[in-house]
Amino acid sequence: MRPEGQPPQGGPPTAGGYPYAWQGPGYAPTAVTSPPPRRPRRTRTVLTVVLAAAVVAAAAATTALVLRGGDGASDGGGEEHPVGARPAPDDPRRSMVEKPDPVVAPDWRVQTNADKHSAFDVPPEWKTNSEDTYVGYNDDREGAEPGTLLVAMSGPSEYLYGWCAEADNPSARSMAGTKAGQGASGTEEAARNEAMNWVLAAYDQEQLGTFEITEPEPFTSEHGITGHTVTATVTDLAENRHEPCEAPEGGKAVTFSFIDAQGDLATWVLLTDTGFPEEPSQETIDAMMNSLRPYAVD
């Protein structure tokens, strides 16, 4: 962990107009309102749209916006549909990319992302989605422009989807997916920025909690993808964090930023609630991240 009271190296990053001001100890982000507001329940809005549709502003605070493609989505219990680098139907020179088998265990499932040229495994109880499914968080702070998207990733897998019966719309306790670089100078900066931005966008937009981040560490998956990994956590949230659909303790993001097979910067993100009995273990997270491998490269 970084010594208390020091900001992340290189200053506060921004993503989608989401700046952070840091002051210690314990990386407690600066509160933007006084007195602090009650933190609303974490909810999400689910939309089934074509990718060309506009992003719709969400009504609930701390809203996860989900854009689901029209085909290829898995229901989490049935057979997965083959997805990958989809050739144009009038181009006979290209062939469909075969869906890879799991590498962690035979009963694990595979989440692919041809656009980011990668695939990774998830445990059998996780729900996989089509590659053209996007999950992200809108800016729900007071005064934010409606529909402003803070963070997003594509091809997500979700864990304990629909876990909270009191949610306005189904939500997951954990999710993992891949996203493009956001102007970072390299894998160290990308991993650090994404970890920070995801936990704060998902759990603490009011900047009321305590944030901790690890130093970027070199990491190479068992399949030769090389980059840096960072873990960020946020705790000590607002007083109503024990209400239904809230994480008992806070949230955590594990990121792995790498250069993909076509030379583009990409980041694998795992985001999870913390403090619940079924929380993914570090061993499970490590196995998922280690399974990241090249996929659908021409």
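Student: How many of the five residues of β5 are buried?

Tutor: Four of the five are buried, so β5 is largely enclosed by the rest of the structure. (Buried: under 20% relative accessible area; exposed: over 50%; partly exposed: in between; 1.4 Å probe, protein chains only.) Strands (DSSP E, at least two residues) and helices (H or I, at least four) are numbered from the N terminus.

Student: What should I know about the model itself?

Tutor: This is a predicted model, in which local features need pLDDT of at least 70 and side-chain atom pairs count only at pLDDT 80 or more, while totals for chains, interfaces and linings use all residues. Residues are numbered from 1 along each chain as its sequence is written, and side-chain values use heavy atoms, without hydrogens and water.

Student: What is the mean pLDDT of the chain?

Tutor: The mean is 74, and 65% of the residues reach 70 or more. pLDDT is the predictor's confidence in each residue, from 0 to 100.

Student: And where does pLDDT stay under 50?

Tutor: One such stretch is residues 1-63, for which the model has 183 contacts (heavy atoms within 4.5 Å) beyond four places in sequence. Another is residues 68-95, with 60 contacts beyond four places in sequence.

Student: Back to β5. Which strand do five bridges join to β5?

Tutor: The strand is β6, and the two run antiparallel. Strands pair if DSSP finds at least two bridges between them. Within this pairing, Gly 136 stands opposite Ala 152 in β6.

Student: What is the order of the open sheet of three strands?

Tutor: The order is β3-β4-β13, with antiparallel pairing. The edges are β3 (109-113) and β13 (293-294), each of which pairs on one side only. Five bridges link β3 to β4 (residues 118-122), and Val 110 has Asp 121 of β4 as its bridge partner.

Student: Now the packing. Which residues touch the most other members of the largest nonpolar core?

Tutor: They are Tyr 137, Met 175, Trp 198, Val 199, Tyr 203, Phe 211 and Leu 271, in a core of 25 residues. Such a core joins buried Ala, Val, Leu, Ile, Met, Phe, Trp, Tyr and Cys through side-chain atoms within 4.5 Å. At least two residues each come from β5 (134-138), β6 (149-159), α1 (187-203), β8 (210-213), β10 (226-235) and β12 (265-274).

Student: Which element gives the most to this core?

Tutor: Helix α1 does, with nine residues. Another core lies apart from this one and has 19 residues, including Ala 176, Phe 219, Phe 256 and Leu 292.

Student: Next topic: how many salt bridges does the count come to?

Tutor: The count comes to six, a salt bridge being a side-chain nitrogen of Lys or Arg within 4 Å of a carboxyl oxygen of Asp or Glu. One of them joins Lys 179 and Glu 194 at 2.8 Å, N to O. Lys 179 lies in β7 (residues 174-180) and Glu 194 in α1, so the pair ties together parts 15 residues apart in sequence.

Student: Are Lys 179 and Glu 194 buried or exposed?

Tutor: Both Lys 179 and Glu 194 are buried.

Student: With which residue does Lys 116 form a salt bridge?

Tutor: The partner is Asp 115, with the closest N and O atoms 2.6 Å apart. Lys 116 is buried at 9% relative accessibility, whereas Asp 115 is exposed at 53%.

Student: Which side chain does Arg 141 meet in a salt bridge?

Tutor: Arg 141 meets Asp 139, at 2.8 Å from N to O. Arg 141 is partly exposed, with a relative accessible area of 21%, while Asp 139 is buried at 11%.
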